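Subject: Structure handover

Hello,

Here is the structure for your files. My notes follow below it.

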Amino acid sequence: MKALVHDGNGHIALEDRPEPQLQLPTDAIIRVTCSTICTSDLHIIHGAVPRATPNTVLGHEFVGVVEQVGEGVHALKPGDRVAVSCETFCGECFYCERGWVNNCVEGGWELGCCEDGCQAELVRVAHAGHTCAPIPADVTDEDALFLGDIVATGHWGASIAEIEPGSTVAVIGAGPVGLTTMMCARLHEPATIIAIDIDPARLALARERGLADAVIDASDMDLAAVEAAVRELSSNRGADSVIEAAGGSNTFEMAWRIARPHGVVVLSAMYEGPQTLPLHEMYGKNLVFKTGGVDACNMGETMRLVQEGCIDASCLISGRYPLNDIVEAYRAFEAHEDGCLKLVITPWEDR
Ligand SMILES: NC(=O)c1ccc[n+]([C@@H]2O[C@H](COP(=O)([O-])OP(=O)(O)OC[C@H]3O[C@@H](n4cnc5c(N)ncnc54)[C@H](O)[C@@H]3O)[C@@H](O)[C@H]2O)c1
Ligand SMILES: [Zn+2]
Ligand SMILES: [Zn+2]
């Protein structure tokens, strides 16, 4: 089969790989019908994810059709359409019992990182009974495509940010993760969602779609100016909840600066380098920090929210490429070409 592989030195290429086989009774083999590229794939290619194993098939955000199941998988059968979590999880260990599947002792973020991922024709999914969620007939593959990763991350970030009705939420980054975070934050009924980015087109989308109530273009502003702009929108206090979904060079500092005293700062972004936590400067702010990554086990609820029209991430889809052209898709995605937010990768085409 065809699969996209990275070499650990910043290069990606389509290769012929053997089809994956069931290895454990709890595995399933999924035929990928739609996948997509995540910014975390770029972090892997940049060498910024220490756990990532070279020569692994990339990709962890996808939907597909069950091809084969191990004898221990009772919840799925061949032919089922499924959305797949970016984290495989056993559902039974200390962490899974508490919903912290990112730390599952037998899983976590492995797909496309240290186990072969979904930017291929077929993928082996471990603990498939927990990791895969059936897609109802009235939900399309594209509607369910982002549930396993960026919608999971938006939902997780918003749910741990302790958002109270009537409060002010600041989301740093209006990329795919920031935008899904805003969609999910809205469900907690804050009075104001402030989107902060340096890309005016992304901010315009957030505003036009009603995902944000106010936007701050930080491209020509220092952090003191961003802090002042957020205060102006929040009774001179700062944001009650801040969700950092940018991962930029100064956005960690921005996050704690724009939070009000006793505010909650959620770090959804994945950084490519170390960050500084200057406790002496923030002394007296009494902040609560919650660090990534996502616990992507909320697909039952997010699938329902999609089905009921409460979450609609289709506005993020900027284009479609068959697997044949995925290297070109990576280039366009990384360059934000023509305002690119997310690209759908469709199955390999025999030409
Ligand atoms: N926690 C998780 O498990 C999880 C899951 C998925 C993605 N992620 C991470 O979330 C982050 C965001 O993902 P994405 O796909 O939305 O990425 P993205 O790069 O498309 O979006 C980031 C946005 O931040 C903006 N930005 C950059 N520097 C900025 C600055 N200094 N000030 C204001 N805005 C700035 C960019 O213009 C961009 O719009 C990535 O680091 C990704 O790896 C984490
Ligand atoms: Zn991802
Ligand atoms: Zn577990």
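How do the residues of the shell around ligand 1 divide into nonpolar, polar and charged? There are 14 nonpolar, 14 polar and 4 charged. (Ala, Val, Leu, Ile, Met, Phe, Trp, Tyr, Cys and Pro count as nonpolar, Asp, Glu, Lys and Arg as charged, and the others, Gly among them, as polar.)

First, the ground rules. This is a predicted model: local features need pLDDT of at least 70, side-chain atom pairs count only at pLDDT 80 or more, and totals for chains, interfaces and linings use all residues. Residues are numbered from 1 along each chain as its sequence is written, while chains are lettered from A and ligands numbered from 1 in the order in which they are written.

Ligand site

Ligand 1 is surrounded by 32 residues, counted when the C-beta atom, placed from the backbone, lies within 6 Å of the molecule. Thr39, Gly175, Ala246, Gly248 and Gly293 are the closest. At least two shell residues come from each of helix H1 (39-45), helix H5 (150-160), helix H6 (176-186) and strand S9 (192-197). Helices (H or I, at least four residues) and strands (E, at least two) are DSSP runs, numbered from the N terminus.

Gly293 sits in the loop between strand S13 (288-291) and helix H11 (299-307).

Domains

The protein splits into domain 1 (2-149 + 296-346) and domain 2 (154-291). These bounds come from an automatic or database domain assignment. The C-alpha centres of the two domains are 27 Å apart. The shell around ligand 1 draws at least three residues from each domain.

Helix pair

The axes of H8 (residues 223-232) and H9 (residues 251-258) come within 9 Å and cross at roughly 35°. (Axes are lines fitted to C-alpha atoms, for helices over the stretch in contact; angles run from 0 to 180 degrees between N-to-C directions.) H8 contributes Leu223, Val226, Glu227 and Val230 to the contact, and H9 contributes Glu253, Met254, Arg257 and Ile258. By class, that is 5 nonpolar, no polar and 3 charged residues.

One backbone note

Asn55, not a glycine, has a positive phi, near 70°. Asn55 lies in the loop between H1 and strand S4 (62-69).

Best wishes

Key:
Contact = placed C-beta atoms within 7 Å.
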